[in-house]
Amino acid sequence: MTENRHAALGLSDEVVLEMYRTMLLARRLDERMWLLNRAGKIPFVISCQGQEAAQVGAAFALNREEDFVAPYYRDMGVVLHFGMTTKDLMLSAFAKAEDPNSGGRQMPGHFGQKKNRILTGSSPVTTQVPHAVGVALAGKMQKKDFVTFVTLGEGSSNQGDFHEGANFAGVHKLPVIIMVENNRYAISVPLNKQIACENISDRAIGYGMPGVTVDGNDPIEVYKVVKEAADRARAGEGPSLIESVCYRLTAHSSDDDQRQYRTEEDLAEGKANDPIIRFSSYLREQNILTAEIEEKLQEEIMAEIDEATDYAEQAPYAAPEDALKYVYAEQEEV
């Protein structure tokens, strides 16, 4: 048997199995959305496939009853752990009125849910970094104990919002964790044409915060570094920059053809490092995931996705007269 790495971090067998279930749910839900897109039933998909370990490992290291998350558009694993349901996400994919993110007004991946402390994201990339930093500032001013956690892709770490947010967080020692999910491609631009330094985490020293690069295909390693960052933040030691290196297993989105810029060797390397397969192998070696448990998990997840798909497909669209709802303040009649 291989080393039991999760127990050393205080993670029980039940918790790591739940981590795996969340990763698997995100993967199967994403796969279903691609099928629905290709069938002409939903307009757009922007995928989490290949990044589930980074997302779920990080989310499990946070306090989902108190902390705030500002996810970027691929973070299905984060929002599932923080309380969004399969039905919520499918309603968003179908752009139905019950979509809790935007009432069917936004593309999928624009997460936002007040009751679960998921900060609303928008289409311009990296605007969520200064938002997360602002929430962390508010928490510090109010002497609250929560941490804010914000994610982005490595391509958008070159945007001004990232640098301004990170600099402000560092100057004011704010309880914020910035995690870059480095999937090696900013749409079609490879990493070596995006940055001059070796690692995204090398930038941390410029903002006066610790920076670490971690294997984003290993949820236990991601859990470890995010937990350490959260503990530092709660102790008043300020922000952290984490770079989770992973592979994007799909095209950038359902409107992209990655064959135009990725080699077969590159794609094969990504599949060989599939975090779902890697983590399931680890759990099997620990005698946590048996064939029987795996089969039951798959059946439960697919039944959940089938139910959510049927519900969302039949749900009503928003009424045309609601187009400006939530855009302008509504004056109550006197």
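A residue counts as buried when its relative accessible area is under 20%. The legends below use this term for a predicted model.

Figure 1. Y185 belongs to strand β4, which covers residues 185-186. Its relative accessible area is 12%; because this value is under the 20% cut-off, Y185 is classed as buried. Beyond its neighbours within four places in sequence, Y185 is in contact with E154, P190, Q194, R248, Y261, R262 and D266. One of these residues, D266, also forms a polar contact of 2.9 Å with Y185 through the side chains. N217 lies 32 residues from Y185 along the chain, and the C-alpha atoms of the two are separated by 16 Å.

Figure 2. Strand β7 comprises residues 240-245 and includes S240. With a relative accessible area of 1%, S240 is buried. The side chains of S240 and R232 are joined by a polar contact of 2.8 Å. When residues up to four places away in sequence are set aside, S240 touches V176, I177, I178, M209, P210, A229 and R232.

Figure 3. Helix α4 runs over residues 86-93, and seven of its eight residues are buried, so the helix is largely enclosed by the rest of the structure. The buried residues are T86, D88, L89, M90, L91, S92 and A93. Among the elements that cover them are α1 (13-38), α3 (76-81) and α10 (291-314). Just after α4, A95 adopts a positive phi of about 55°.

**Figure 4. The whole protein as the setting for the close-up views.** The protein contains ten helices and seven strands. Its radius of gyration is 20 Å, close to the 20 Å given by the globule rule for 334 residues, so the protein is as compact as a globular protein of that length. The C-alpha trace spans about 55 × 55 × 40 Å along its principal axes. Of the 334 residues, 53% count as buried. Among contacts between residues at least 6 apart in sequence, 74% join residues at least 24 apart. The protein exposes about 15,400 Å², and carbon and sulfur atoms supply 51% of this area. There are 34 positive and 52 negative side chains, and the centres of the two sets lie 2 Å apart.

Note on methods
Residues numbered from 1 in each chain as written. Predicted model: local features only at pLDDT ≥ 70, side-chain atom pairs only at ≥ 80, totals over all residues. Heavy atoms only, no water. Helix = DSSP H or I, 4+ residues; strand = E, 2+ residues; numbered from the N terminus. Rg over C-alpha atoms; globule rule 2.2 N^0.38 Å. Buried < 20%, exposed > 50% of the residue type's maximum accessible area, 1.4 Å probe, protein only. Contact = heavy atoms within 4.5 Å. Areas by Shrake-Rupley, 256 points an atom, 1.4 Å probe, with all protein chains shown as cover. Lys, Arg positive; Asp, Glu negative; His and termini not counted. Charge placed at Lys NZ, Arg CZ, Asp CG, Glu CD. Polar contact = N/O pair within 3.5 Å; in protein donor to acceptor, adjacent residues only side chain to side chain.
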